[in-house]
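Let's take a walk through a protein together. Keep the sequence and the 3D view open, and follow along one region at a time.

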Amino acid sequence: MRATAHRTAAPLPLDSVDVAIVGAGPAGLAAADAAAGSGARIALLDDNPAPGGQIWRDGPGVQLPAAARQLRARVAGHAGVQVITGVRVLAAPAPDELLLEDAGRAWRLRWRRLILATGARELLLPFPGWTLPGVTGAGGLQALVKAGLPVAGERIVVAGSGPLLLAAAATARRAGARVLRVAEQAPAGAVARFALGLPHWPSKAWQVLGLRQPGYRAGSWVIAAEGDGRLAAVRLHRPGGREERIACDRLACGFGLVPNVELGRLLGCATVPVHGAPALAVDGWQATSRPGIHAAGECTGVGGSERAGVQGAIAGHAAVGQTAQAQTLRQALAHWDAFAARLHRGFALRDALRGLAAPDTLLCRCEDVPMAALAGCSGWTDAKLQTRCGMGACQGRVCGAAARVLFGWEPPAPRPPLVPARVETLAGLDAGGPD
């Protein structure tokens with residue numbers, strides 16, 4: 001008989017640090033900067049090619065704000081901080097460990113303190129035509145342009161809700177696109193009240209002035225995207241029940257942000273509703289319900305980069321026992337908490353957005369599940385069993401957030417791996433390793 005060769009997976013290597021920080025956006029960078037003065041060994045992890053998160057995403061031709069460049073430089077200058085980019089957190093194989101994977105290897109990281117700065121993602125709500133090529137999220141368009149997507153000369157419509165629309169439009173215009181319309185679903189009165197309060201936060205007022213768009217219309221939202229195989233036009237609702245059709249090459253549509261809480265939930269951290277979405281629950285020191293784990297930034301509730309940075313600094317100081325330094329930041333945090341509350345009041349989603357989708361509109365793009373297939377489902381588990389909704393590559397991150405808005409469904413507890421992983425990584429984990 002012919003012998004069959006069996007390959008035994010090698011155990012994964014184990015590294016250890018005093019403080020592990022997941023996410024290198026404003027919160028994660030601030031946390032690393034604050035904790036570094038203690039002399040602790042710190043690992044700052046992020047799945048992007050460079051630190052900065054979504055808001056400070058680097059790329060060809062990108063000019064980052066001075067505050068972002070200075071913070072990145074300070075973190076890079078700390079001898080005790082190891083910045084690891086292009087890495088994904090797959091699981092938590094032990095209460096004080098993370099399973100990590102990058103393009104070339106996989107390993108386990110043991111921590112004494114953990115800071116979650118996992119940020120937020122766009123809320124995408126389904127409407128007829130939202131899966132057409134040429135339709136992206138507003139933040140998605142911004143990321144693509146920063147990464148080098150050529151949009152010069154393209155006719156672009158930006159729609160949805162929140163200040164991210166203005167930022168996406170400004171990024172596209174700087175790249176040479178023609179932004180035909182910025183359609184904000186919030187009523188004009190709500191937007192005006194938000195703007196009138198901005199003098200309390202002068203830096204935000206200047207940002208809004210710098211991002212102003214001539215085609216901005218409040219009280220307007222997407223009805224449908226049209227096209228045969230690719231986007232050709234967008235139909236918009238206008239105040240007074242009017243309708244507007246705009247021929248365009250690209251539509252960027254996002255309805256705000258939702259906190260990324262999957263890793264926190266996997267680790268056993270409690271969540272609470274913050275401005276209508278689940279967020280990681282934290283106390284005054286940014287400590288979660290799980291001992292040894294802190295959280296900062298948008299994963300604790302969406303509120304902007306300044307709030308995230310203050311929370312990150314508090315978490316970094318608290319994680320290494322510097323409570324006096326953390327205490328000095330309480331007033332600044334209250335200032336930016338007030339801004340976050342005003343932001344969410346000004347751009348609250350209207351009920352009409354829950355009725356945009358038609359029966360044949362896909363909710364789950366990964367598994368091609370239309371709205372009609374979910375009509376008799378009682379919740380996420382039922383939907384998965386009957387339709388495979390949420391079981392595709394994104395693991396329900398897109399359709400799950402939408403279903404929460406549309407149906408009030410709460411997603412089930414996440415299961416590892418959190419993202420697709422290589423087979424050899426999982427085999428190496430099963431092979432065990434040094435303790």
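Leu124, Leu125, Phe127, Trp130, Val135, Thr136, Gly137, Cys253, Phe255 and Arg365 form the lining of the largest cavity. Here a cavity is a set of points, on a 1 Å grid over the protein atoms alone, where a 1.4 Å probe fits but cannot get out, and lining residues have an atom within 4 Å of a point. Before going on, know that you're looking at a predicted model, where local features need pLDDT of at least 70 and side-chain atom pairs count only at pLDDT 80 or more, while totals for chains, interfaces and linings use all residues. Residues are numbered from 1 along each chain as its sequence is written, and side-chain values use heavy atoms, with hydrogens and water left out.

So what sort of residues surround that largest cavity? The lining splits into seven nonpolar, two polar and one charged. In this sorting, Ala, Val, Leu, Ile, Met, Phe, Trp, Tyr, Cys and Pro count as nonpolar, Asp, Glu, Lys and Arg as charged, and the others, Gly among them, as polar. The largest cavity has a volume of about 70 Å³; a volume is the space filled by probe spheres set on the points, with grid points joined across faces, edges and corners.

How many cavities of 30 Å³ or more are there? The count comes to two. The second largest cavity holds about 30 Å³ of space, and around it you'll find Arg173, Val179, Leu180, Arg181, Val182, Gln213, Pro214 and Gly215. Strand 10 (residues 178-184) supplies the largest share of this lining, four residues. (Strands, E and at least two residues, and helices, H or I and at least four residues, are DSSP runs numbered from the N terminus.) By class, the lining of the second largest cavity has four nonpolar, two polar and two charged residues.

Now for some strands. Find strand 5 (residues 97-101), where five of its five residues are buried. Buried means under 20% relative accessible area, exposed means over 50%, and partly exposed is in between, using a 1.4 Å probe and protein chains only. Glu97, Leu99 and Glu101 point one way from strand 5, whereas Leu98 and Leu100 point the other way.

Strand 5 has partners, too. Two strands pair if DSSP finds at least two bridges between them. Strand 4 (residues 88-91) runs antiparallel to strand 5, with three bridges joining them, and a hairpin of five residues links strand 4 to strand 5. Strand 6 (residues 106-116) is also antiparallel to strand 5, this time with five bridges, and four residues sit between strand 5 and strand 6 in their hairpin. You can check the pairings by eye: arginine 88 stands opposite glutamate 101, and leucine 99 stands opposite arginine 108.

Those charged residues lead us to salt bridges. A salt bridge is a side-chain nitrogen of Lys or Arg within 4 Å of a carboxyl oxygen of Asp or Glu, and the structure holds 23 of them. One of them joins glutamate 424 and arginine 422 at 3.8 Å, N to O. Salt bridges that share partners join Arg88, Glu101, Arg422 and Glu424 into one network. Glutamate 424 is partly exposed at 49% relative accessible area, and arginine 422 is partly exposed at 25%.

Which parts does the salt bridge between arginine 121 and glutamate 262 tie together? The two side chains meet at 3.1 Å, N to O. Arginine 121 lies in strand 7 (residues 120-122) and glutamate 262 in helix 7 (residues 262-266), so the pair ties together parts that are 141 residues apart in sequence. Both arginine 121 and glutamate 262 are buried.

Another salt bridge pairs arginine 307 with aspartate 337, with the closest N and O atoms 2.8 Å apart. Arginine 307 belongs to helix 8 (residues 305-319) and aspartate 337 to helix 10 (residues 330-346), so this pair ties together parts that are 30 residues apart in sequence. Arginine 307 is buried at 8% relative accessibility, whereas aspartate 337 is partly exposed at 32%.

One last stop is an open sheet of three strands in the order 12-13-14, with antiparallel pairing. Its edge strands, strand 12 (221-226) and strand 14 (242-247), each pair on one side only.

Conventions: 1 Å grid on protein atoms, 1.4 Å probe; cavity = no way out; pocket = protein on both sides within 12 Å on 5 of 7 lines; lining within 4 Å.
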